[in-house]
Amino acid sequence: MIKSIVIVGGGPVGLISAALMGLNGLHVTLLESKPKDFDHKDSKALALSNSSVFILSRLKIWRLLEQHATAIHEIHTSQKNSFGRTLLSSKDCEEDALGYIVSYADLINALKEKINTLSTVKILFNSEAKSLKEMNFEKSIEFTEKNATKSMLYSLLILADGGHSKIKGLKIVREEIKLDHAALVSHLETNKKHKGRAYERFTAEGPIALLPNKHDTYTVVWTGPEKNISELLKLDDEGLLKSIQANFGSRAGTFTKISNRKTFPLKSSRLVNINNSDVISIGNASQVIHPVAGQGLNVGIREAFTLSSFVHDLPETPTKLNIAREFNAMRFNKSADIINITNHLATFFSNDLVGISELRGLTLTLLDCLSPLKRRFVKKMSYGE
Ligand SMILES: Cc1cc2nc3c(=O)[nH]c(=O)nc-3n(C[C@H](O)[C@H](O)[C@H](O)COP(=O)(O)OP(=O)(O)OC[C@H]3O[C@@H](n4cnc5c(N)ncnc54)[C@H](O)[C@@H]3O)c2cc1C
């Protein structure tokens, strides 16, 4: 088995990857720039697919996390000012749920707790990766821990930094598309019980998603051009509630309270190549996809799962192999469909060209009428198959 694995980034994908490899008996050191007690409390709600839940169950953390999760039993999709809607239901697809909503904070805390029980995984908090060095065939990573500069040898480096860091010596080629889009995320209360129903409504100002939470509340995620989102942010709570209600309609009841606003800039990026033969990237470090279909993290979790068996099967000193190229080809084949579907959803449903609205209505109606098509769509989004 390969030795000296270093992971950069302790977001959900880095932590899941560390836990999976640690359970497989591999020794892993994870560098995370944030402090150990960093409070993720106000972060976003995430929709986990059934394949992610399967992987978290394998890690034996799902039972703990499930107490904080809300099951999605139905997804209602519609568009403003046009006919056509579709209702995906867990019953039609013979699943317990179509997915689950968890908070980023609960997921991170459950993973850290799990890793605490593994003697094979060490997390260095307050540790920011800075540069890669190579000397006499030995590769090392330099990082700052608090104010001290340190370095560590590695035979495999896994980049799970969300694409945020600028590590010197990393020869990574990404294709980035500046979307000039942003997401407004907020907590929303209504006078109607949600019964596990999530909503996606396409409007001229961008898609609005309502994700069901505990206590019959929702997380609203409104994505759209930056200028639209910044106009929404200027509104007071009452004005914002009115705007959401006017665009969303009354299918989820009357919205009574909005709180805890946050915005996230959106971009789209994908890994083209890594020219460091012993560096693999996963999660948002590999691709950042539009949140319209709630798939970014799910793709990353599947990559972490694929990676754990890929690494487990590597020889101790894989010097002759180009590990990065081999894994990338495998990763790309598995994620390509989901990324393509998400890109199409984001453009097709946000396009205002004449005739497109009718075509969207027709697509939603067709999807609603054709059960096998619905089941295939859900299977693809749930399991990536
Ligand atoms: C509004 C919104 C809603 C979303 N909803 C969903 C959803 O419903 N379902 C879904 O599947 N996905 C969703 N996503 C996408 C999801 O949030 C991301 O795909 C996911 O967070 C990526 O996880 P990650 O671990 O790859 O990266 P990150 O979560 O970005 O974590 C990266 C980590 O690396 C650390 N780091 C960075 N640089 C360094 C360095 N140099 N040294 C050490 N550490 C470093 C950071 O501190 C951070 O902890 C959404 C995204 C947005 C913006």
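Buried means under 20% relative accessible area, exposed means over 50%, and partly exposed is in between, with a 1.4 Å probe and protein chains only. By that rule lysine 150 is partly exposed, at 37%.

This is a predicted model, in which local features need pLDDT of at least 70, side-chain atom pairs count only at pLDDT 80 or more, and totals for chains, interfaces and linings use all residues. Residues are numbered from 1 along each chain as its sequence is written, and side-chain values use heavy atoms, with hydrogens and water left out.

**Stop 1**

The term stands for a side-chain nitrogen of Lys or Arg within 4 Å of a carboxyl oxygen of Asp or Glu. Glutamate 145 is partly exposed, at 22% relative accessibility. The whole structure has eleven salt bridges.

**Stop 2**

Select helix H5 (residues 226-234), which holds both glutamate 231 and lysine 234, three residues apart, about one turn of the helix. Helices (H or I, at least four residues) and strands (E, at least two) are DSSP runs, numbered from the N terminus. These two residues form a salt bridge with closest N and O atoms 2.9 Å apart. Glutamate 231 is partly exposed at 46%, while lysine 234 is exposed at 62%.

**Stop 3**

Select aspartate 278 and lysine 139, a salt bridge with closest N and O atoms 2.3 Å apart. The pair links distant parts of the chain, 139 residues apart: aspartate 278 is in the loop between strand S17 (255-274) and strand S18 (279-281), and lysine 139 is in strand S10 (residues 138-145). Are they buried or exposed? Aspartate 278 is buried at 12% relative accessible area, and lysine 139 is buried at 17%.

**Stop 2: the ligand**

Next, show the backbone of glycine 294, where a polar atom is 3.1 Å from a nitrogen atom of the ligand. At asparagine 298, a backbone N or O atom lies 3.0 Å from an oxygen atom of the ligand.

Conventions:
A polar contact is a pair of N or O atoms within 3.5 Å; within protein, one must be able to donate a hydrogen and the other to accept it, and residues adjacent in sequence count only if both atoms are side-chain atoms.
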